[in-house]
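This report goes through selected parts of a structure, one part at a time. Please keep the sequence and the 3D view open while reading.

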Amino acid sequence: MTIPARVGSILRFEWLGATPTVRLILAPVMIAVFIAYYATILWTLAISFTSSSLLPQYDFVGVAQYTRLFGFLRWKVAFTNMFVFGIAFIFLTLIIGTILAIAIDSRVHAESAFRTVMLYPLSLSFIVVGLVWQWILDPGLGLQAAVRDLGFDSFTFDWIARRDRVVYTLVIAAIWHSSGLIMAIMLAGLRGIDREIWRAAKVEGIPTRRIYISIVLPMLRPMILTCVTLLAVAVVKNYELVVAMTRGGPGNSSDMPSRFVVENLFERSNIGLGSAAAVVMLVSILAALAPYLYLELRKRA
Amino acid sequence: MSFSQVSGEQKTGVDIGRIGLYAFLVIAALYFVLPLAIMVSTSLKPMEEITSGSIFKLPSAPTFYAWQKAWSSACTGQNCTGIRVGFWNSVRILLPSLFTSVLLGAIVGFALAQWRVRGAGLLMGMLLLGAFIPMQVILYPLVKIFAFIGLYNTLPGIWVVHTIYGLPIMALIFRNFFAGLPEELIKAARIDGAGFFRIFFQIMLPMSRNVLIVALVLQGTGIWSDYLLGLIIGGAENQPMTVQLNNIVNSQFGEVEYNVNMAATLLTALPPLILYFASGRYFVSGITAGAVKG
Amino acid sequence: MSNVSIRNLEKHYGALHVLKDINIEVEEGDFTVLLGPSGCGKSTLLAAVAGLDDVTSGDILIDDRSVLRVGPDKRGIAMVFQSYALYPTMSVRRNLSFGLQVARAPKAEIDKRVREAAELLQITALLDRKPGQLSGGQRQRVAIGRALVRQSKLFLFDEPLSNLDAKLRTEMRVEIKRLHQSLGATMLYVTHDQVEAMTMATKIAVMKAGRVEQYAPPEEVYRKPNSLFVAGFVGSPSMNFLEGTLRKQNGSIIARLSSGDVNLDGYAFSTPPQDGQAVTIGIRPENISIAGEGDAGITAPLLLLEPLGADTLCWFEIEGRRLSVRLHPQKARSLSGTLRLSFDPTELSVFSAETEARL
């Protein structure tokens, strides 16, 4: 193209349509992404409607695997655990993270030191996190033993060894890992609030606690929703933590859907069952995403 | 900004509120630091001291015995060659994957940000949604596909997996970054005759130092910390450090050598921790950027 | 209504000395404007009076009692902020009533005050909307309403009109002045816009670099500025400045400029003039006239004319600077070439070239 012609075509906004290069890049990417994410999901979905065990069989058995799934005690335990863990984890992490953010926001010295300390667990693999807390909460090795050592002979903290309490130990470890993230997000939100709103409220004589409850936190509602959504997704995906910290035990009392799926797909050769469980996991995530997506779409409308 | 900066009354004496605040923050900091500190201190003790004493006591005569054993002779199942095998595996997994996933993310992010393509929105939506999809629902078909194309149980297979599954976050942060750059820059380059890749490599990338660091830190810690993909796709010779660690610790029988286990855990945690401390605010801005979407 | 007394106020911000020995007396019902360029300390001073910022030394009295140890909500003040600072998640009605609710005022009283404030500011129709649904001018009114509802005796305004466009600004200036007249409240108002200061104030405190250069009614600040800075800051187009030396000649005092002499008889010197003293003469465009035949004056070539409609600005070149003269359009029409200009000695200002203070 001659230069004037090129300039002409650019100025006429022809360049706004993609050049061949861009299409050449994005097309294979789109195909790869589709296969990697969506084709695989559809495949798993298909298998969940079959009777596959060790090898895939492409017969259609309706929702037999699903009924079988929810008749399984082990699955029911895992599924309930997900909710128990999820609710406790989301609730506590949100509160702790927000309180930490408010505390850090109060112009403390060594603010970046505190922030650094609270965020480093996020850089660690969940395997590391799980192992660390496995040891700390080990009755014979960690907290219980240490406190007893100090003289409090009757102190017990053996939740990790109790079937009815072990899920909560997972919560403790997960809070340790993730509250820094919530703190960072809420801190960014707090910092974004117009300073003059604080001053106006002060002039009106509104006590600090009330300012947070009635003015600041309502302003941060979108951020809070983001946090809840992120945490909810993390709850469903959570796998390494269980594997490292409790191995699903004692027995199977701390099992989670994620671990259930992997075991059934690769160790117990129950592909149909595992796929059904995986689909249930996916549905749970979509349910967790739904409020956020709904509000986002309504905003764009 | 908060209450303490907005009140101008002259304060008489020490403020109880401030003391409480600092006390709270110090306790919180302890909650975060203590587990790691305990692990370090325990890993430096010999086993006798661990079984006899409290986990809170500092080592009486710190020794690196456990660390050496963890590195070179800890046992994972059959082999007792230590976790260094896993370390080097993780390195071989990390470096190429990091390069390709950041590069691809940057290219796709740039394409989506500044070039009007039909379907750009669709691709971005697919990627965003993809970020939320749990591996479990993809895993079995993935294995089948990879087995079919011969990438199953291979190192290149892991590279491909990390690249594709890191794409959502990478493309997101690069797209957000490039969208903030002026359109006129690219128009001027087009008039000068530059095409997509020339603009990308010679104009965009040099301007991207900050977002590149963020991407490298995020992907770096993410890939290093991966367990499931390495376990399933990698094959026996390519198990990453996280998998080896779990094998060492959770498959010990007989007397458990806590100090060795903790040393092994610390070794696994060290690279991302170093990256974290070295990158400072980039880490924070990366995770908050990923969280505050669009 | 409240009076405000600021005495010997000093404020240091770390190593920065932001307020230097401020002394201002605001009487009941005054509309005092703190005027100055960015960074002169005017907003800091206002924040100190409000209790939103502390001071290093000195005293602030409201209604003859020191308020240094008193919080902002107990000083009997109401404040309007530059960014309005409305609570975004609350309706206008709630924004107005929130402070009173927190103070547990009786519901009937709250409703009454909200209604009255809304009527006065003509925002009754907006009571159920949220701030995000209002225009800039409407938000501004709500911000003022929130201050009104407190029924306080001292109102503080922190550059409330800066975020509005020119037309709205002119309208709101009138509104605020009208408010002042109907309420009779004491108002302390911060701005960098000298037009706002001149039109609204009963007294202006012109500030520069943490110091009050002059504290006087607008007319005095305009006609008899205390310093070169005040003279140049107030008035548009700016006052003309010319350099020269004082000379005593034949019993008269004149200023010898490079392009001629200016007779200073009739000028009220505050200290006796010294022969040979270096000075800067300041004269406003409207106080210069074309010299008649035989009159003494300064000669200068005419550069160009700027017809403004009601009058014409004539620009002359003198000593490398531009001098503006405001003339009636008819007189200006026929001008050209080099002309002689004469100054009204009673309306000019003489500043020491060294100290920049008024002589």
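## Terms and model

A helix here is a DSSP run of type H or I with at least four residues, and helices are numbered from the N terminus. The model is predicted.

## A residue in helix α1 of chain C

C:Leu46 lies in helix α1 of chain C, which spans residues 42-50. Is C:Leu46 buried or exposed? A residue counts as buried if 20 or more other C-beta atoms lie within 10 Å of its own. C:Leu46 has 20 other C-beta atoms within 10 Å, and therefore it is buried.

Leaving aside residues up to four places away in sequence, C:Leu46 touches C:Leu34, C:Leu156, C:Asp158, C:Leu188 and C:Val190. C:Arg7 is 39 residues from C:Leu46 along the chain, and the C-alpha atoms of these two residues are separated by 14 Å.

## The sheet of chain C

Strands of a sheet pair through backbone hydrogen bonds, and the pairing is either parallel or antiparallel. Chain C has an open sheet of 6 strands with mixed pairing. What is the order of the strands in this sheet? The order is β6-β7-β8-β3-β9-β10. The edge strands of chain C are β6 (77-80) and β10 (211-216), each of which pairs on one side only. On average, and with direction ignored, neighbouring strands of the sheet are turned by 15° against each other.

Within this sheet, strands β3 (residues 31-35) and β9 (residues 203-208) of chain C run parallel and are joined by 4 bridges. C:Val33 has C:Ile204 in β9(C) as its bridge partner.

## Chain B as a whole

Chain B holds 15 helices and 0 strands. Its C-alpha atoms fill a box of roughly 75 × 75 × 35 Å along the principal axes. The radius of gyration of chain B is 24 Å, whereas a compact globule of 294 residues would have one near 19 Å.

Of the 294 residues of chain B, 46% count as buried. When contacts in chain B between residues at least 6 apart in sequence are considered, 75% of them join residues at least 24 apart.

## Where chain B meets chain A

How many residues of chain B are in contact with chain A? The contact involves 75 residues of chain B and 87 residues of chain A. On the chain B side, helix α2 (residues 16-43) gives the most, with 11 residues. The residues on the side of chain B that touches chain A comprise 55 nonpolar, 17 polar and 3 charged ones.

Terms used:
Residues numbered from 1 in each chain as written. Chains lettered and ligands numbered in written order. Predicted model: local features only at pLDDT ≥ 70, side-chain atom pairs only at ≥ 80, totals over all residues. Contact = placed C-beta atoms within 7 Å. Helix = DSSP H or I, 4+ residues; strand = E, 2+ residues; numbered from the N terminus. Nonpolar A, V, L, I, M, F, W, Y, C, P; charged D, E, K, R; others polar. Pairing = 2+ DSSP bridges. Axes fitted to C-alpha atoms, helices over the stretch in contact; angles between N-to-C directions. Buried ≥ 20, exposed ≤ 12 C-beta atoms within 10 Å, placed from the backbone. Rg over C-alpha atoms; globule rule 2.2 N^0.38 Å.
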